[in-house]
Amino acid sequence: VQLVESGAGLVQAGGSLRLSCAASGSIARIDTMGWYRQAPGKQRELVATISVGGSTKYPDSVKGRFTISIDNAKNTVYLQMNNLKPEDTAVYYCNVEVRKGTILEVTWGKGTQVTVSS
């Protein structure tokens, strides 16, 4: 499975960015796609996940500001980020979970930098 992320950028506080992540390869049964982030000196944390059925999950820190969506036909997940804050600055990683029999194969993207200036 390969993941290609796009949409990185520098934005002022209050601005918006949209991240995209396209999956390719052996992805016949995608279970979930999502976004995580890691700021310098901090652990990687959940930003949003979405199942192929459309169920979503967000932590309180981004709820109401970020929206995750999935295009199942294109195997692409999007993250719309609005009202960005300096604390949203981090490397954002795309993640896909593919069901292969009884195994759930997890693949990570290389990451894309989001910087929010105050």
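Me: What makes I50 count as buried in this predicted model?

Reply: The relative accessibility of I50 is 4%, and because buried means under 20% relative accessible area, I50 counts as buried. I50 lies in strand β5 and, leaving aside its neighbours within four places in sequence, is in contact with T32, M33, S55, T56, I68, S69, I70 and V77. Its C-alpha stands 28 Å from that of S117, a residue 67 places away in sequence.

Me: Why is T112 called buried?

Reply: T112 has a relative accessible area of 9%, and the limit for a buried residue is under 20%, so T112 is buried. This residue lies in strand β11 (residues 112–117), and, not counting residues up to four places away in sequence, T112 touches E5, A8, L19, W35, A90, V91 and Y92.

Me: Why is W108 called partly exposed?

Reply: Partly exposed covers the range between the buried limit of under 20% and the exposed limit of over 50%; W108, at 36% relative accessibility, therefore counts as partly exposed.

Me: How do you know that the rings of Y36 and W108 form a pair, and what makes the pair edge-to-face?

Reply: A search of the whole structure finds 1 aromatic pair. The ring centres of Y36 and W108 are 5.0 Å apart, and the criterion asks for centres within 6.5 Å, so these rings pair. Their planes stand at 70°, and planes over 60 degrees apart count as edge-to-face, which is why the pair has that name.

Me: Why can this pair be said to tie together parts that are apart in sequence?

Reply: Y36 belongs to strand β4 (residues 30–38) and W108 to strand β10 (residues 103–108), so the pair ties together parts that are 72 residues apart in sequence.

Me: What makes R44 a charge over the ring of W108, and which other arginine lies over a ring face?

Reply: R44 lies over the face of W108 at 4.6 Å from the ring centre, and since the distance limit is within 6 Å, R44 meets that part of the criterion. The other case is R18, which lies over the face of Y78 at 4.1 Å from the ring centre.

Me: Why is β4 described as largely enclosed?

Reply: Of the 9 residues of β4, 7 are buried, so the strand is largely enclosed by the rest of the structure.

Me: What makes β1 and β7 the edge strands of their sheet?

Reply: The sheet is open and has 4 strands in the order β1-β3-β8-β7, with antiparallel pairing. β1 (2–6) and β7 (66–71) are its edge strands, as each pairs on one side only. From one strand to the next the twist averages 15°.

Me: How do you know that β3 pairs with β1 and with β8?

Reply: The requirement is at least two bridges. β1 and strand β3 (residues 17–24) run antiparallel and are joined by 5 bridges, and β3 pairs with strand β8 (residues 76–81) over 6 bridges, also antiparallel; both pairings therefore meet the requirement.

Me: Why does the radius of gyration of the protein chain agree with that of a compact globule?

Reply: For 118 residues a compact globule would have a radius of gyration near 13 Å, and the protein chain has 14 Å, so the value agrees. The C-alpha trace spans about 45 × 25 × 20 Å along its principal axes, and buried residues make up 41% of the 118 residues. The secondary structure comes to 0 helices and 11 strands.

Note on methods
Residues are numbered from 1 along each chain as its sequence is written. This is a predicted model: local features need pLDDT of at least 70, side-chain atom pairs count only at pLDDT 80 or more; totals for chains, interfaces and linings use all residues. Side-chain values use heavy atoms; hydrogens and water are left out. Rings of Phe, Tyr and Trp (its six-membered ring) pair if their centres lie within 6.5 Å; planes under 30 degrees apart count as stacked, over 60 as edge-to-face and the rest as tilted. Helices (H or I, at least four residues) and strands (E, at least two) are DSSP runs, numbered from the N terminus. Buried means under 20% relative accessible area, exposed over 50%, partly exposed in between (1.4 Å probe, protein chains only). A charge sits over a ring if NZ of Lys or CZ of Arg is within 6 Å of the ring centre and within 35 degrees of the ring normal. Axes are lines fitted to C-alpha atoms, for helices over the stretch in contact, and angles run from 0 to 180 degrees between N-to-C directions. Contact means heavy atoms within 4.5 Å. The radius of gyration is taken over C-alpha atoms; the globule rule is 2.2 Å times the number of residues to the power 0.38.
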